[in-house]
Amino acid sequence: MTAGLLFDIALVVGLTIIAFRAIHAPDLFVGAVLYIVFGLLLALVWVRLNAPDLALAEAAIGAGITGAMLLDAVRQVGSPARRAPVLTRIGRVAPWAGAVGLGAVAAGALVTLEDRGGTLGEMVRGRVAESGVDHPVTAVLLVFRGYDTWLEVGVLLVAAIAVLGVRRTRVLVPSEPSSEAPPIATAAAGVLLPAGVLIGGFLLWTGSHAPGGAFQAAAVLAAMGILVSLLGRPPLASLSALRLRLLLVCGFTTFLAAGVVGLLVEDAFLRYPAAAAGWIITVIELAVTVSIAASLVLLFAGGRDRAADEAAG
Amino acid sequence: MMDPRDVLTVLCVLLGAFFFFAGTLGVLRFPDAITRLHAVTKADNLGLGLVVLGLALQAASLLAVLKLLLIWAIALLASATSCFLVADSALRGQGERESAG
Amino acid sequence: MSSYVVYVVGAGLLLVVGVHGALTARHLVRLILALNVMSGGVFLALIAISARGAGSAAGPDPVPQALVLTGIVVAVSITAFVLALARRIHALSGRTSLSEEDLE
Amino acid sequence: MIVTMVLLPFLGGCLAFLLRRTAPFVAVLGAASVAATAAMLAVGVWRSGPRIYAIGGWGAPIGIELVADGLSAIMLLTSAVVVLAVSVYSIGYHEHDDSDAWHPGEGFWPLALILWGALNVLFLSADVFNLYVALELMTLAAVGLVVLSGGEAALMAAMRYALAAFAASMMYLLGVAILYGAYGRLDLDGLATVVSPEPAAFVAAALIGGALLLKTALFPLHFWLPRAHAAAPAPVSALLSSLVVTGSFYLFLRLWTGVFSTIAVPAAGQFVGALGAGAILWGSLQALRQQHLKVMIAYSTVAQVGYLFLPIPLLTSAATTPDGALLWGIDAWNGGIYHAISHALAKAAMFLAAGTIVHALGSDRIVGISGIARQLPITTYAFGIAGMTLIGLPPSGGFVAKWLLLSAAFASGQWWWAVVILAGGVLTAGYIFLVLGQELSLAGTDQPVELSKVPRSMEYAAFSLAVASLLLGLRVIEPIALLQAGLPFVEGG
Amino acid sequence: MDEFFIGVAIFLLFTLLSGLQRILRGPTEADRMLSAQLFGTTGVAITLLLAELTPAAGLRDVALVFTLLAAVNVVAFAHHTWRREVGR
């Protein structure tokens, strides 16, 4: 057994144990912390499996966004542990049987596929030059399968609209008008924020030829927005309803507009004219970054806005 | 014969790993939150610093070295801040909320 | 045994843990965690496929990586929405689990 | 032309979100123009066969392709018609004083239009992963719409719906992962040529099939549906029960007869059919027991979903029987799709009519609607005609669908499905007449009930959908001819 | 050199996993949070070591993002303390 394999096994075992303990932790706060660690280990898996784009996304999402959301939500809804009702033998065994059956069947099927080849990967690498970007993952995301990515930006937009619907509001209401963060937190944020914005910008810029891109950049920026929210000033709260909507919608519509340009000029939706492909993609990425970051901040800050709850009774 | 640069890297990384080990040991064995915090901070700053130093010796470009140093600088800042916040909340009693584990 | 097998088995294990959690957990936050663990297992399967046979070829297959990136965004959107929903339900009724009595 | 049917709804959704006052106008205009485009596409497909559109000009397998065949065209047309009627209805439903407070209409218009866009993506897409994204978009928009009615019941129903759908999505995606791992491609046409009977393919088929059954709410995986569909605002219930359910079914049918046609075994077909039969009986019996109109209609959807899956065993047998099976295989195919579209129109009409009654009465207890036919005659007609389609009385579209299914069942020798179809019809008649009897009842008419004013447009929107479901039974030739374009058996034998 | 880096990475992974006990045992929330913090830093070190093994670019950026965002979680944890005093 090589050292690399030992590392893989340790990682997988750790991942499984942490996942189980996170779900079943008696205290939900522990569950949330363990879930953050789960995200960390998953990011290590992506590093190990040569998927830096995913590791970047996982690091930003798991640590910065989902983690903060969970910790914050658990404070509100994490009621003290209630003993689960004593289950009958069947009630205990049946879920295990179902879960183990599904997992074993899926893993078994996947194991048989070890030596299959002939995936799309080679084709993508061969044609990446036609796409207008150099990084294959970005080429798949924004060019070859740009249609998926456009719809994915739509999913985030829908989530934002739906959260506004859950809250029955059209603007973000700051949850507490004034809360005093300790000076050290504010001071640290004063350094972390510009660093975060720089790193976000760097990831956006580097995405065309190296791992990174709009989503990773947006996730880092959104994490910074969440940091600011936590310090008592939700960054979107000062916006009017129309401006907020414009921010949320601009990524999806810019993508759509770029697609229509292709439709008019090249007679194919989402075909970027060869001469302008590079900068069209840049414009799309910029707009998408803004929208995704805004949506993520809204999903965080909108979810925790208690003023609306109190108004609703 | 090993390149002296490689020897230095090995030494730095090993020492860094030792600090991580010591930090974890401290977190597991020290009696209360504040002393454990102390252990974590040492491990954070020194362990990561040494690993960064060791790897910087191997780096191919100046840019890579700068990036590594930036990582360490941010880690120092983040760790100092979070250490203070955790300690602060522990001392104020919030963090002391005993929770079933 | 290869890395591929290790990670594919890992994907299976995460599915077991996630599905079991989804079937047994009551608290909404636990259900959300269980579903996210499930999605972690699915993503792991895709990336194991992406990296399989690596070393010989030019590198990992970028297509599954792009798919997982899309999947992560979708999963985050749903998680965030469901968390907001859970908090709203708690604020309105104090409930933190799906109701016991059922329609069927 | 194909791609505009995707673009217009999304464009409308964005506009409706940005400028909320224009929303009703945008929705109606968009629905009308997409309906016209879909009709043109249907004619085109009928005359010259299926069309393929490569997004970005890349083409499969590296890019994503859209395929419009007869089935897609008829689904697109049906959903455009339903959306048009629901939009007209919603103008009245969401009428409000121009106060500055948040209003559910603000969420309704953008989400409904995006939901519709996602459905159109689904009906056109020829890529398994793109279909996953479309499913997610559709589901999240649907859940967001359920939430809009705001009460605790609606929130809980939305939660249950969201969690069930999320779990199903993960199973679907796992199936996609296995398919990609095995065959290295994601396009439906390409996959259909390479999928072969081997463990990985069976596992992928089971995962994807199971996920879609959960999303379609086939018995016994229907636990999330009745509450979600009953608790949502009426126009949303109409969209969910008529279109969203149909969308997941469409995908099941598409994959079963396409990608997985070479590995679909008769036993699996019989199993799915048995679940369908269970759904028909269980859903109808539950519908008979309900005291609230909208819950009853939601259980009726559980039952009608069962009919959608009855063609599956017949199609599977037809694909594995060498000769003579073509004819009844085609009957089963036509019958299933005919049922899907008649049900979509009739169920939307029924939910809209129920919404009108709730709007007028302020309650939907079935005992409370006694004698309402006097005040809301058009709504009562709408309910009655839609009921005819669901029961399968001639000359409705439902009758044609059941006739085709019955003849396929007898011709294939699988008479047991015919028994289920007929029993289901009787039970359906039971719950429909229970409601109609109350509506037409003369008891308690001495003191007419106080009704709030209902805009006429709401009544006529429901009525026209009901009439459309009836017309499907009167003009059978054209839709059936259209369905033959891109029929899976002609090439496959 | 590669074998050495992966060896150290395994060692760090094991220290990380054994530190898990503190999260599970607590007893205070501060304990759990600070061990998660230690996990974060250890994760950064492991990422940097793994980055040496592959030519793939961008792995150091992962470490950078990790470090940056570790602070956000801690603030999410701690901000309730000051919020509670002002808020209610």
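1. A cavity here is a set of points, on a 1 Å grid over the protein atoms alone, where a 1.4 Å probe fits but cannot get out, and its lining residues have an atom within 4 Å of a point. The model is predicted: local features need pLDDT of at least 70 and side-chain atom pairs count only at pLDDT 80 or more, while totals for chains, interfaces and linings use all residues. Side-chain values use heavy atoms, without hydrogens and water, residues are numbered from 1 along each chain as its sequence is written, and chains are lettered from A in the order in which they are written.

2. The structure holds 13 cavities of 30 Å³ or more. The largest cavity has about 250 Å³ of space, a volume being the space filled by probe spheres set on the points, with grid points joined across faces, edges and corners. Its lining has 22 residues, and nearest the centre lie E:Ala36, E:Gln37, E:Gly40, E:Thr41 and E:Ala70.

3. Three chains supply at least two lining residues per element to the largest cavity: α2 (28-48) of chain A, α2 (33-58) and α3 (62-92) of chain B, and α2 (29-53) and α3 (59-87) of chain E. Helices are DSSP runs (H or I, at least four residues) numbered from the N terminus. The most comes from α2(E), with seven residues. By class the lining has 15 nonpolar, six polar and one charged; Ala, Val, Leu, Ile, Met, Phe, Trp, Tyr, Cys and Pro count as nonpolar, Asp, Glu, Lys and Arg as charged, and the others, Gly among them, as polar.

4. Of its 16 lining residues, A:Tyr35, A:Glu58, A:Ile61, C:Asn36 and C:Ser39 lie nearest the centre. Two or more residues each come from α2 and α3 of chain A and from α2 (28-51) and α3 (62-93) of chain C. This lining divides into eight nonpolar, seven polar and one charged.

5. Chain A and chain C bury about 7000 Å² between them, 75% of it on carbon and sulfur atoms; buried area is the accessible area (1.4 Å probe) lost on being put together, summed over both parts. The contact (heavy atoms within 4.5 Å) takes 84 residues from chain A and 69 residues from chain C.

6. One salt bridge (side-chain nitrogen of Lys or Arg within 4 Å of a carboxyl oxygen of Asp or Glu) is found across this interface. It joins C:Arg87 to A:Asp72, at 3.5 Å from N to O. On the chain A side, helix α3 (residues 52-77) gives the largest share, 13 residues. That side has 55 nonpolar, 14 polar and 15 charged residues.

Conventions:
Buried area = accessible area lost by both parts, 1.4 Å probe. 1 Å grid on protein atoms, 1.4 Å probe; cavity = no way out; pocket = protein on both sides within 12 Å on 5 of 7 lines; lining within 4 Å.
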